[in-house]
Amino acid sequence: AISKELMRTEADGGTVVNQALCGFKIDRSTSGSTGIPLRFYLDRNMLPKRLAVYRRMLDWAGRQKGDSVVRLMGREHPGTESEGLWFKCENLEDLEKRRSQLYAHLEGKVVLLQTWTSFAVRLAQLMEKDQKLFKFRAIISYAEQLYPETRSYLERVFRAPVYNYYANEELTAIAQECPFKQGLHVNSEWVYSEIIDEHNQIL
């Protein structure tokens, strides 16, 4: 079996990737939210597939021609760079300090905003405080739990539907809501999803 510990050891030793294929690798790492960050590589050949799955999510969230896509997050996801603007924001304090710059990107456009749930909540609070109102097509919330009361609050402030999106650093879009919002659709042509218990037994 391959463990995170083995991956860390082999990556440091330079034996994970065939040296003849090094030109295809994109260096990445997880956030470390469940422990120590894990370093891994993406294959450049998978970037068009990542983009296609990402575009499906945007379409399901109602994107129309001429809409502006804004990704408010700490780091960009390889393969999605061509879809709108990445507004880099490290944390909630950074968002508060740089909100005037963000407002300038939102002004006068129909925006489809993708961001972490906590960033969406903080932006909504700042907009209320600053008495700002922008035209959003939809909000795509990911990376953190989206509770029903949080969704209701965000939809009231942004005056737009909020969609839940489940992703990770390795794959991006694993599953997302469609307009019916009765659960998440797994992108089964892209990922193979299993639910297991603490003993790695499939449930």
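# A quick tour of this predicted chain

Strands here are DSSP runs of E with at least two residues, helices are runs of H or I with at least four, and both are numbered from the N terminus. Two strands count as paired if DSSP finds at least two bridges between them. You're looking at a predicted model, so local features need pLDDT of at least 70 and side-chain atom pairs count only at pLDDT 80 or more, while totals for chains, interfaces and linings use all residues. Residues are numbered from 1 along each chain as its sequence is written, and side-chain values use heavy atoms, with hydrogens and water left out.

**The whole chain**

- In total, the chain has six helices and nine strands.
- A compact globule of 203 residues would have a radius of gyration near 17 Å, and this chain agrees with that at 18 Å. That radius is taken over C-alpha atoms, and the globule rule is 2.2 Å times the number of residues to the power 0.38.
- Along the principal axes, the C-alpha atoms fill a box of roughly 55 × 35 × 35 Å.
- Buried residues account for 40% of the 203. Buried means under 20% relative accessible area, exposed means over 50%, and partly exposed is in between (1.4 Å probe, protein chains only).
- Take the contacts between residues at least 6 apart in sequence: 55% of them join residues at least 24 apart. A contact means heavy atoms within 4.5 Å.

- Lysine 25 sits opposite aspartate 43 in strand 2.
- Strand 2 (residues 39–43) has two faces: Phe40 and Leu42 are on the covered one, while Arg39, Tyr41 and Asp43 are on the uncovered one.

- Seven strands form an open sheet in the order 4-3-5-6-7-8-9, with mixed pairing.
- At the edges are strand 4 (85–88) and strand 9 (185–186), each pairing on one side only.
- Helix 2 (residues 47–60) packs on the sheet and touches strands including strand 3 (68–73), strand 5 (110–116) and strand 8 (172–176); its direction makes about 40° with that of strand 8. Angles like this run from 0 to 180 degrees between N-to-C directions, using axes that are lines fitted to C-alpha atoms, for helices over the stretch in contact.
- Helix 4 (residues 99–106) packs on the sheet too, touching strand 3, strand 4, strand 5 and strand 6, and its direction makes about 165° with that of strand 4.
- Strand 6 pairs with strand 7 (residues 162–168) in the parallel sense, over four bridges. Isoleucine 140 has tyrosine 163 in strand 7 as its bridge partner.

**Residues to click on**

- Serine 141 is in strand 6 (residues 135–142). Serine 141 counts as buried because its relative accessible area is 0%. Beyond neighbours within four places in sequence, its contacts include Thr115, Leu146 and Tyr165.
- Alanine 143 is in the loop between strand 6 and helix 6 (148–158). Alanine 143 is exposed, at 53% relative accessible area. Its phi is positive, about 80°, although it isn't a glycine.
- Most residues other than glycine have a negative phi.
- Threonine 172, in strand 8, also has a positive phi, near 65°. Threonine 172 is buried, at 2%.
- Leucine 171 lies in the loop between strand 7 and strand 8 and is partly exposed, at 27%. Its C-alpha atom is separated by 9.9 Å from that of lysine 49, 122 residues apart along the chain.

**The nonpolar cores**

- In the largest nonpolar core, with 26 residues, Leu72, Leu123, Phe136 and Phe158 touch the most other members. A nonpolar core is a set of buried Ala, Val, Leu, Ile, Met, Phe, Trp, Tyr and Cys residues joined through side-chain atoms within 4.5 Å.
- Helix 5 (117–130) is one of the elements giving two or more residues to this core, and gives the most, with six.
- Apart from this core lies another, of 23 residues, among them Leu47, Val69, Met73 and Val191.
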